[in-house]
Amino acid sequence: MNDNKGFNYAFGVSRHSLRIFGVWPDPLVSLSDFHRPSIRFIIAMSIVLFYAIMPTTINTIRAWGNVIRMVEGIATTNFCMLALCKIFGTWYHRKTLRTLMTSIMTDWTSKNNEERNTMLHITRRGRILCITCYAMMIILISFFINSNLIKIFRNISQPQRTLVYPFNYFYNSQKSPNYEITCLFQLIAGACSCFINSSIDVFISLLLLHICAQLINLRMALNNLVDKLAEGSISSSSFKKGLAEITTRHEHLIRNTKIVNNCYSIILFLHMFATTFQLCFKSFQFFTIIIRHLDVPIITKIYALLYFIYELMHLYIYCYSAERLLTESVNMMHGAYECKWYDLPSKDAKNLIFMIRRSAIPFRLKAGKFGTFSIEMFGNVRYLKRKYSIFHTYYKTKYLIFNIQQRE
């Protein structure tokens, strides 16, 4: 597998997905072409904002007091706003991300076969997550479009036709073909929101897994360097020079991790915060349907369940990649300690202390300044309890309002 094919194998799907929205940080494009936003980026932002976020926000405000409608509106607004923040954040940091992608492309061109095989091994796991995420996205979008098309066709002959996201636009949206065009754009807005969330989440995950592969290669290079000095095949000066290169490369990976955190830390905090509420809202909708025995189409129930799985999957993608990054960064310290340092001269063995000390600080994917992603966070009982407590509060509120309405 040549260099370009290796890079395309790792980031090919993300590249094509982000290019659709005009936010791909192409390392082959000069910086002068990054000054103006892409037309595709402006169109995607406008469609999501005008045909999804604005209608659902206004409807949520108007539905004040009706808990079921409010929860449904907030969930949709929450999801679309998160997509808007992700695509805007990727566009805003496009120059910084372009520098990172240039570094990644260089990694694929400057590695030997052994190191490239390690990168491919990690990349295959990333592609499995990527394909699974996109497959779930396609299924979710299919259910979203089919369920709304059924509703549109049922109401198309009615005098008062319902939009996907009801809203009073500045034009007559009840008149044909305005009604059909408006419904089409609202369906596109919902599908774009799902596509944007999946594309950005997969892209960030692949960035982290690439750094993991570089850490593994760096640990192998350190072990090989120590073995060569212990066997006497290289001199002490060559060992110091090689160790300096490894230290410089380690600092470079630290900077790459900081770039990812600086670009997406706030967005990931919003993602973690929004996902918490999304799971609460969808749980509320699902259990309301079951407990109150509402006459809801089976396709709506399946869609709610798929959406719940979709949100958990995206949270797991972040937690898995962040956990792997943390593990490989700590393994760098263990690798320096477990090599044959005891066979080295004392003055050379002492130089390994600097690498061990620097590797003691693990790499983390931060969610703002309030937490970090990890498998522990994904399965934390307290984290699940917080989601349940919020859901329980909303359900008690709904049940109280329902009883008051029945008495009146």
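The solvent-accessible surface of the chain amounts to about 20600 Å², of which carbon and sulfur atoms supply 62%; this value, like those that follow, was computed from a predicted model. Of the 408 residues in the chain, 50% count as buried.

The secondary structure consists of 12 helices and two strands, and the order of the elements, read from the N terminus, is α-α-α-α-α-α-α-α-α-α-β-β-α-α.

Two packed helices are described by the angle between their axes and the distance between the axes. For helix H5, which spans residues 113–155, and helix H8, which spans residues 298–338, the packing angle is about 160 degrees and the axes lie 10 Å apart. Because angles over 145 degrees count as roughly antiparallel, H5 is described as roughly antiparallel to H8. The crossing in which H5 passes H8 is left-handed, and the residues of the contact between H5 and H8 comprise 20 nonpolar, four polar and two charged ones.

A further local feature concerns Asn-261, a residue of helix H7, which covers residues 236–291. The relative accessible area of Asn-261 is 10%, and since buried denotes a value under 20%, Asn-261 is classed as buried. When its neighbours within four places in sequence are left aside, Asn-261 is in contact with Arg-364, Leu-365 and Lys-366.

Methods:
Residues numbered from 1 in each chain as written. Predicted model: local features only at pLDDT ≥ 70, side-chain atom pairs only at ≥ 80, totals over all residues. Heavy atoms only, no water. Helix = DSSP H or I, 4+ residues; strand = E, 2+ residues; numbered from the N terminus. Buried < 20%, exposed > 50% of the residue type's maximum accessible area, 1.4 Å probe, protein only. Areas by Shrake-Rupley, 256 points an atom, 1.4 Å probe, with all protein chains shown as cover. Axes fitted to C-alpha atoms, helices over the stretch in contact; angles between N-to-C directions. Parallel < 35°, antiparallel > 145°, perpendicular 65-115°, else oblique. Left-handed = near helix turned anticlockwise from the far one by under 90°. Nonpolar A, V, L, I, M, F, W, Y, C, P; charged D, E, K, R; others polar. Contact = heavy atoms within 4.5 Å.
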